[in-house]
Each structure stands twice: as structure tokens, then as C-alpha cells.
Amino acid sequence: CGGCDLQHVSISAQREAKRNMLETMLRRHGGMSTDVAVVDASEGLPSYGIRSRAILHAESDAIGFYRQSSHEPVALEECPILEPALWEAFASVKPSILDVGAGVRRIALERLGGEVIVRVEAESPASAAVRRIPAPAGVRLEVLDHRPGAREQVVSRFSQINVAANQ
């Protein structure tokens with residue numbers, strides 16, 4: 001779908017590739033010596049259903065991650081990487097968002113503590129239509145008015161994507 005670059009390799013190979021990328025960045029940009037060692041904190045963590053934040057992009061008939069090396073969203077039919085609660089929240093509002101049609105720009109899915117948040121960035125008048133979508137039980141649905149020329153608004157803060165690794 002374009003959202004995960006390493007899903008074609010085993011979990012252990014993914015973790016090794018990410019460790020290598022981090023070590024390279026620390027050496028090149030952090031000025032650290034070549035003997036820097038990164039400890040793998042992901043041992044024992046689940047391999048799927050761990051992503052607690054995602055930004056999806058919308059066009060009139062597709063909502064999903066961008067196709068690799070493009071700005072074309074690929075319609076997302078499933079995402080085994082997302083936490084199940086985020087996927088369920090997205091799946092429950094997706095048909096209504098698609099019904100709104102043009103004007104919806106981005107959808108952010110996030111879990112903060114125990115709260116599931118779906119943020120929809122939309123142009124007017126689509127933003128008014130999105131505000132009428134009922135929030136699923138246990139989900140906070142927020143609507144942000146898109147400002148042409150503005151950077152993405154849908155992410156409120158940075159955190160480690162894998163919340164368990166924040167502990």
C-alpha cells in the first residue's frame with residue numbers, strides 16, 4: 001500500500017534494517033563515532049497491530065497511504081500494522097468520509113493513552129459534512145478546517161509509533 005517499506009521481509013530482518021538505519025543516522029548526523037551500538041528494545045514486543053498513529057491521505061475515491069514515490073493514495077483495505085482499535089475506528093467512519101467526497105484531505109488515526117482519536121482535515125464545505133458524521137462509540141472524531149498552503153495539521157504531537165516501546 002506504500003505505508004510500510006519493509007513488510008516484504010521477516011520481522012527480524014526489519015528490526016536489523018531499522019537498527020542499521022538508526023546507527024547510520026547517528027554517525028552521519030549526530031557526529032557519533034563508528035562504534036556506536038544501538039540496543040534493540042523491540043524484543044518480546046508484538047510484530048503486528050502495534051502502530052498507534054497513522055496519517056492517511058484522501059482523494060475522492062481512495063483513502064490510504066501514498067503509493068511509494070508519489071502523492072497518490074492507495075485505497076487501504078486493511079492494515080495489519082495498525083492497532084486493532086485504530087483500524088476499527090477508521091473502518092467505521094471510512095464509508096461516511098468517502099460519501100462526503102471531494103474536500104477531505106487527510107485523516108489521522110491516533111491512540112493517546114486509552115483514547116482513540118480520528119482527526120479529519122477537510123476543506124469547506126466538506127468540513128461541515130464531516131462534522132455531521134457520528135463518532136463511533138469510544139472514538140473522538142475531530143475535524144480540522146484545511147488551510148490552503150498550510151502544512152499538515154492532523155498530527156498534534158510526536159511520539160514513538162510503537163507505544164509499548166515508549167515505556
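User: Why is Ser-127 called buried?

Analyst: In this predicted model, Ser-127 has a relative accessibility of 3%. Buried means under 20%, so Ser-127 counts as buried. Ser-127 lies in helix α3. Leaving aside residues up to four places away in sequence, Ser-127 touches Ala-122, Val-143 and Asp-145.

User: What makes Ser-69 exposed?

Analyst: The relative accessibility of Ser-69 is 78%. Exposed means over 50%, and Ser-69 therefore counts as exposed. Ser-69 is found in the loop between β2 and α2.

User: What is noted about the phi of Ser-69?

Analyst: Ser-69 is not a glycine, yet its phi is positive, at about 60°. Most residues other than glycine have a negative phi.

User: Which peptide bond is cis, and where does its proline lie?

Analyst: The bond from Ser-124 to Pro-125 is cis, with omega near 5°. Most peptide bonds are trans. Pro-125 belongs to the loop between β4 and α3, the latter comprising residues 126-131.

User: Why is the pair of Trp-87 and Phe-90 called tilted?

Analyst: The structure holds 1 aromatic pair. The ring centres of Trp-87 and Phe-90 are 5.5 Å apart, and rings pair if their centres lie within 6.5 Å. Their planes stand at 55°; under 30 degrees would count as stacked and over 60 as edge-to-face, so the pair is tilted.

User: What does helix α2 pack on?

Analyst: Helix α2, residues 84-100, packs on the sheet and touches β1, β2, β3 (104-112), β4 (115-122) and β5. The direction of helix α2 makes about 160° with that of β3.

User: In what order do the strands of the sheet run, and what makes β2 and β5 edge strands?

Analyst: The open sheet consists of 5 strands in the order β2-β1-β3-β4-β5, with mixed pairing. Strands β2 (62-64) and β5 (139-145) each pair on one side only, and are the edge strands. On average, neighbouring strands of this sheet are turned by 20° against each other, direction ignored.

User: How do you know that β1 and β2 pair?

Analyst: Two strands pair if at least two bridges are found between them. Strand β1, residues 53-59, is joined to β2 by 3 bridges, and the two run antiparallel. His-57 stands opposite Gly-64 in β2.

Definitions and conventions: Residues are numbered from 1 along each chain as its sequence is written. This is a predicted model: local features need pLDDT of at least 70, side-chain atom pairs count only at pLDDT 80 or more; totals for chains, interfaces and linings use all residues. Side-chain values use heavy atoms; hydrogens and water are left out. Helices (H or I, at least four residues) and strands (E, at least two) are DSSP runs, numbered from the N terminus. Axes are lines fitted to C-alpha atoms, for helices over the stretch in contact, and angles run from 0 to 180 degrees between N-to-C directions. Contact means heavy atoms within 4.5 Å. Rings of Phe, Tyr and Trp (its six-membered ring) pair if their centres lie within 6.5 Å; planes under 30 degrees apart count as stacked, over 60 as edge-to-face and the rest as tilted. Buried means under 20% relative accessible area, exposed over 50%, partly exposed in between (1.4 Å probe, protein chains only).
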